Amino acid sequence: MLGVYVHTHWGYNHPYAARTWTRADWESYLGGLRGLGYDFLMIWPLLDSMPPIPNASDQAFLQHVGHAIEVAQRQFGMRVAVITCPNTIGNERAADYAYAERPYFACEKKVNPADKAAVEAFLEGRRHQLKPLAGADVLAVIDSDPGGYIGSTNDEFVALLKGQIEVFREFNPSAELMYWMLVGWENYNLFWANSQAWQPGDPPPRFEFHPHVFHDTLTMIQEQIAEPWWLTAGIQEHVDAIKALGLESKTLAFPYG
């Protein structure tokens, strides 16, 4: 497998920003990738700052991506993953922007995973956003950056994983879940708690990779999320947890960053 990650965050001018691509741009890009031997495509379509009911420009972009997914699969024999974050979605400002001009952080909202009503509204928004992308083979959810919620626990993260893949499987029952291991949910939330508590003169906050966070999360995924699912690993703490649980055969090496 040889893959590439299309990251639509950056708002450069056309054609340098994937968020500005037309259908023809996508088709040319995919043809070039396939000629270089790529067979796996990951796309982050910025659902995480898109309004829960996508506006007209969002719908147009989602249709472009949906078409690109179909072309990648049928014409070039590629598999495709759509990337989302655990608990982020567009806020009340998001609908005021066209997709290509939308600033991410000004339009992102972090949902409290402990708020049942907020999570239900979040998943309903994902339902609107994901429907045009349902042809993808894989729904991938990253455990940090962006996303997170101070004080939230690993079991709440797994519930968010489960909620999103269940929504996606309403449209594509055979879809796979990819758990993108990065910092780790509780590790990331601890970093932000330490950042809020930081005072001038204190050492700068750093990510603390507590191994039990990955082990506990993987154990709950095994227990609570229906197959098919798999993982990505990029650091030794990931590998240690994976080996301890015998999950090597479900793991893709992805040393992101």
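Predicted model: local features only at pLDDT ≥ 70, side-chain atom pairs only at ≥ 80, totals over all residues.
Let me open with strand β8, residues 229-233, which is mostly covered: five of its five residues are buried. By buried I mean under 20% relative accessible area, with exposed meaning over 50% and partly exposed anything in between, using a 1.4 Å probe and protein chains only. Strands here are DSSP runs of E with at least two residues, helices are runs of H or I with at least four, and both are numbered from the N terminus.

Residues are numbered from 1 along each chain as its sequence is written, and side-chain values use heavy atoms, with hydrogens and water left out.

Returning to β8, which residues point which way? W229, L231 and A233 point to one side, W230 and T232 to the other, and all are buried. In a regular strand the side chains alternate between the two faces of the sheet.

β8 has partners on either hand in the strand order. Strand β7, residues 176-180, runs parallel to β8 and is joined to it by four bridges; there, Y179 stands opposite L231. With β9, the pairing is again in the parallel sense, over three bridges, and the bridge partner of T232 is L252. Two strands are taken to pair if DSSP finds at least two bridges between them.

These strands belong to an open sheet of seven, in the order β1-β2-β3-β6-β7-β8-β9, with parallel pairing. β1 (3-7) and β9 (251-253) stand at the edges with a single partner strand each, so one side of each is left without a neighbour in the sheet. From one strand to the next, the twist averages 25°. Elsewhere in the sheet, β2 (residues 40-44) and β3 (residues 79-84) run parallel and are joined by four bridges, with M42 bridged to A81 in β3.

I turn now to the loop between β2 and α2 (56-74), where D48 lies. Is D48 buried or exposed? Its relative accessibility is 0%, so D48 counts as buried. Leaving out residues up to four places away in sequence, D48 touches T84, C85, T88, I89, G90, Y104, E108 and R126, where contact means heavy atoms within 4.5 Å. L46 has its place in the loop between β2 and α2 as well. L46 has a positive phi of about 60° although it is not a glycine, and at 3% relative accessibility it counts as buried.

On backbone geometry in general, most residues other than glycine have a negative phi, and most peptide bonds are trans. D145, in the loop between β6 and α5, has a positive phi of about 55° and is not a glycine. D145 is partly exposed, with a relative accessible area of 47%. The peptide bond joining D145 and P146 is cis, with omega about -5°. A cis bond is also found from E227 to P228, with omega near 0°; P228 sits in the loop between α7 and β8.

The axes of α6 (residues 185-197) and α7 (residues 211-224) come within 7 Å and cross at roughly 135°. Axes are lines fitted to C-alpha atoms, for helices over the stretch in contact, and angles run from 0 to 180 degrees between N-to-C directions. The two helices are therefore oblique to each other: angles under 35 degrees count as roughly parallel, over 145 as roughly antiparallel, 65 to 115 as roughly perpendicular, and the rest as oblique. At this contact, W185, E186 and N187 in α6 meet H212, V213 and F214 in α7.

Q222 is also found in α7, and is partly exposed at 37% relative accessible area. Which residues does Q222 contact, beyond its neighbours within four places in sequence? They are W229, L245 and L247. Q222 and L245 are 23 residues apart in sequence and 9.6 Å apart in space, C-alpha to C-alpha.

Finally, the whole protein: eight helices and nine strands, with buried residues making up 47% of the 257 residues. The C-alpha atoms fill a box of roughly 50 × 45 × 35 Å along the principal axes. Among contacts with a separation of 6 or more, 76% are between residues 24 or more positions apart.
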